[in-house]
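Please read the following account with the sequence and the model side by side. It leads through the structure one topic at a time.

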Amino acid sequence: MTTMARITTTTVAEGRARAEAEAPAQAEAPAQAKAGGRPGQVAPPLESPKRESEIRRHELADFLRSRRARITPEQVGLPRGRRRRTPGLRREEIAQLSAVGVTWYTWLEQARDIQVSVQVLDALARALLLDASERAHLFQLAGAVDPSPAASCQTVTPALRLMLEKLEPLPACIQNSRYDILAYNRTYGRLLCDLDTVAPEDRNCMVLICTNEQWRKSFVFLEDTIRLMAAKFRGSMAGHLGEPAWELLLKRLEDESPEFREAWQLHEVVGTRSKTKYFRNAYVGPLSLVHTDLWLGPDQGARLVTYTPADEESRERLDRLQELALAVAS
């Protein structure tokens, strides 16, 4: 090889190596320019998970303070007192109403990095009188999934809603295995109480029979019914042990109902069955109705619950109940 050939080959190789070395820097320059930096600077990192968590905690703290400030003592049955300078409720009052420690709740409003269970979030939502949208916002800020039933459910299709309507005057509803009432027709809505006035998260047969006075007064054999429903609930819960929604409901029932606690301690288990039930309806009087469950799937989850009259007098009274429900709806 001649001297000229060796020089040319070396020059080409050096040029290729130099181009390969400069390529990353040239590719990095547009990215640096786009990020607003100079060549040689590293683009600022995206928002870190730690920073996002901190933002959520501060948003949650601000939200809790704002909701607390809008509630008057009279709204929750507390005395106003003479020296109340704080607008709305005090922190210790919310802590008392939600059964949590004052220090712990104070830390929550101070955006401290503490863990919040779904049970505590549920209690805070009730104590702060949150509506459905506010409750959803609370759980979202806390990064938790609300275990209570939503106002609407994917299980309830338009076809099922039409079926509920066509079953009138027979009272009918769709429930899940946790006794959440997912949908109901107008006759069922007036059967045991004015169900339209009950908050969606409270439309649960276990909660209603333990805490709602109008619902409780509608049962002729209240004590026996609570015991039977507790036994059915225990049987259903065996397939959902450890699930937050079930544990939350159980804790609420035990906290709010001595009757349920007594029945729960018996450890009785009863399967599903049809039976005649006797009600005292506030609008049309006594009713004798046959309770029937129609399962909507093979896993015995959601079911269509229907009540058919056991006698002619109950049939006529159901007709009158439907007329009343239609009049109210119009």
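A disulfide is a pair of cysteine sulfur atoms within 2.5 Å. By that criterion, a search of the whole structure finds 0 disulfides. The sulfur of C205 has its closest cysteine sulfur in C173, and at 5.9 Å the two are too far apart for a bond.

The model is predicted: local features need pLDDT of at least 70 and side-chain atom pairs count only at pLDDT 80 or more, while totals for chains, interfaces and linings use all residues. Residues are numbered from 1 along each chain as its sequence is written, and side-chain values use heavy atoms, with hydrogens and water left out.

The protein chain has 14 helices and 5 strands. Of the 330 residues of the chain, 39% count as buried. A contact means heavy atoms within 4.5 Å; among contacts between residues at least 6 apart in sequence, 52% join residues at least 24 apart.

Two strands pair if DSSP finds at least two bridges between them. Strand β1 (residues 172-175) and strand β2 (residues 181-184) pair in the antiparallel sense over 3 bridges. C173 has Y184 in β2 as its bridge partner. The two strands form a hairpin with 5 residues between them, and Y179 in the turn has a positive phi of about 75 degrees. The ring of Y179 also has the charged end of R303 over it, 5.1 Å from its centre. A charge sits over a ring if NZ of Lys or CZ of Arg is within 6 Å of the ring centre and within 35 degrees of the ring normal.

The aromatic residues come next. A pair of aromatic rings is described by the distance of the centres and the angle of the planes. Rings of Phe, Tyr and Trp (its six-membered ring) pair if their centres lie within 6.5 Å; planes under 30 degrees apart count as stacked, over 60 as edge-to-face and the rest as tilted. The structure holds 9 aromatic pairs. In one of them, the ring centres of F221 and Y278 are 6.2 Å apart and the planes stand at 85 degrees, so this pair is edge-to-face. The pair links distant parts of the chain, since F221 is in the loop between α10 (213-217) and α11 (222-237) and Y278 is in strand β3 (residues 275-281), 57 residues apart. F221 is partly exposed at 48% relative accessible area, and Y278 is partly exposed at 41%.

F260 and W264 form a stacked pair, 5.4 Å centre to centre with 25 degrees between the planes. Both lie in helix α13 (residues 258-264), 4 residues apart, about one turn of the helix. F260 is buried, with a relative accessible area of 0%, and W264 is buried at 10%. R234 lies over the face of W264, at 3.8 Å from the ring centre. Elsewhere, ring pairs link Y184, Y188, W215, F219, F279 and Y307 into a cluster.

A nonpolar core is a set of buried Ala, Val, Leu, Ile, Met, Phe, Trp, Tyr and Cys residues joined through side-chain atoms within 4.5 Å. The largest such core has 38 residues, of which Y188, L191, W215, F233 and F260 touch the most other members. Among the elements that give two or more residues to this core are α9 (205-211), α11, α13 and β5 (303-309). Leaving aside neighbours within four places in sequence, the contacts of F260 include M206, C210, I226 and F233. Apart from this core lies another, of 22 residues, among them V118, V120, L138 and F139.

Two further helices complete the tour. In helix α3 (residues 91-98), E93, I94, A95 and S98 are buried. Their cover includes α2 (49-69), α4 (102-109) and α5 (118-127). Just after α3, A99 takes a positive phi of about 60 degrees. R252, in helix α12 (residues 244-256), counts as buried at 13% relative accessibility. Beyond its neighbours within four places in sequence, R252 is in contact with R126, E201, D202 and V207.

Key. Buried < 20%, exposed > 50% of the residue type's maximum accessible area, 1.4 Å probe, protein only.
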